[in-house]
Amino acid sequence: MNNVWIKHAAQLVTIAGDNAPRKREGMSELGIIEDGSVWIEDGKIAAVGTTAELERIYRERAGEAEVVDATGKLVTPGLVDPHTHVVYGGSREREFEMRLEGATYMDIMNAGGGIHATTRMTREATEEELIEQTTRRLDSFLKHGVTTVEGKSGYGLDLETELKQLRAMKRLNESHPIDLVPTFMAAHAVPQEYKGKEEEYIDRIIDDMLPVVAEEKLAVFNDVFCEVGVFTPDQSERILEAGKEHGLIPKIHADEIESYGGAELAAKVGAISAEHLLKASDKGIEKMAEAGVIACLLPATALYLREEAAKGRKMIDAGVAVAISTDCNPGSSPTTSMPLVMNLACISMRMTPAEAIVAATINAACAIGKQDEVGSLEVGKLGDAVIWNVANYQELQYLFGVNHVGQVLKKGKRVVG
């Protein structure tokens, strides 16, 4: 049976509208249908409306569909996580203790921990081991209502391991229910063997790595960590412009630890999104709004690092389209819970419950170029939906810190519940 019929949703959150980033008041428009219904055929949405409307349309074909009874429940599009480092080797729980004892992010990194520690473990892992570890994380994402995930390389910092990460992602995208969208990020840090030879490493990225990644079609995006002590704005621009020459769309880790002009650079290079932005300047926010750069905010990372969260409310009011993400990674946000991230978007960034849902669905989809396929419940899009054990969208954020997922459908197939 290839058809699925979701019926009697207390609230069906469609987020119907243009397949474009939602801004300002648009981030509050959820397109709610009460007693809502969705008909999914061969993995794609064929009809959306009230249950009464779809019963009239599909009366003759009712026996052809698996019925999902959503009585008393909230139904939303499958969540989209637009910023993760989900493919990596090993674990770094000791650093959590170190941080609680007073060590900073850069203290840990400079001591050989942080990204460098995961780089060592990822280099040592086989491709099969990376796939095995990442599969467990992707399974957890599904259980938290996430049906599409962006994944970055950047724990190899050499050609062999960067390719290993990206090839693991490609295989996982083919074998796992979640759609996995790949980003190349060899500019995540300067490897220890290139300390003092940063320009030489940048040359390696541009001359040796980018051409192979592009030739094998292993990534859609090219990301760089523009931060004091990592890559300067000029170096970041050089790497991102080189990626554009190979057809890779720029993203940028910007202004996470210090205000460093990253938001302004995102606008200058035409990045699809800028990530983190805890210390983004007012001018940078203004430039992002003008250029249409999506702000991908990571409140769980700020919480984990005990930092003040990004100015989500200010960015929305300034006309920036905001998306949110777990930033799933082993050092600063080892979580797969997008429901928690939505809660934190409300609590720590003063976003409304409606804005949090939009940021985790259509705006997140736009941040990874998947808005024509996912992010809303509309005819022609994939049959990705979450049935939540709450009655309305406000309750989803009000009852925080709880996974309310009841069932998850991916391309019309029940993968959770």
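Trainee: Which residues is His-253 in contact with, leaving aside its neighbours within four places in sequence?
Mentor: This is a predicted model, where local features need pLDDT of at least 70, side-chain atom pairs count only at pLDDT 80 or more, and totals for chains, interfaces and linings use all residues. Residues are numbered from 1 along each chain as its sequence is written, and side-chain values use heavy atoms, with hydrogens and water left out. Contact means heavy atoms within 4.5 Å. On that basis, the partners of His-253 are His-83, His-85, Lys-152, Met-185, Asp-223, Val-224, Phe-225, Cys-226, Glu-275 and His-276.

Trainee: Is His-253 buried or exposed?
Mentor: Buried means under 20% relative accessible area, exposed over 50%, and partly exposed in between (1.4 Å probe, protein chains only). The relative accessible area of His-253 is 2%, so this residue is buried.

Trainee: With which side chain does the side chain of His-253 make a polar contact?
Mentor: A polar contact is a pair of N or O atoms within 3.5 Å; within protein, one must be able to donate a hydrogen and the other to accept it, and residues adjacent in sequence count only if both atoms are side-chain atoms. For the side chain of His-253, the pair is at 3.4 Å, and the partner is the side chain of His-85.

Trainee: What is the relative accessibility of His-83?
Mentor: His-83 is in contact with residues including His-253, Glu-275 and Asp-327. The side chain of His-83 also makes a polar contact at 2.8 Å with the side chain of Glu-275. His-83 counts as buried because its relative accessibility is 0%.
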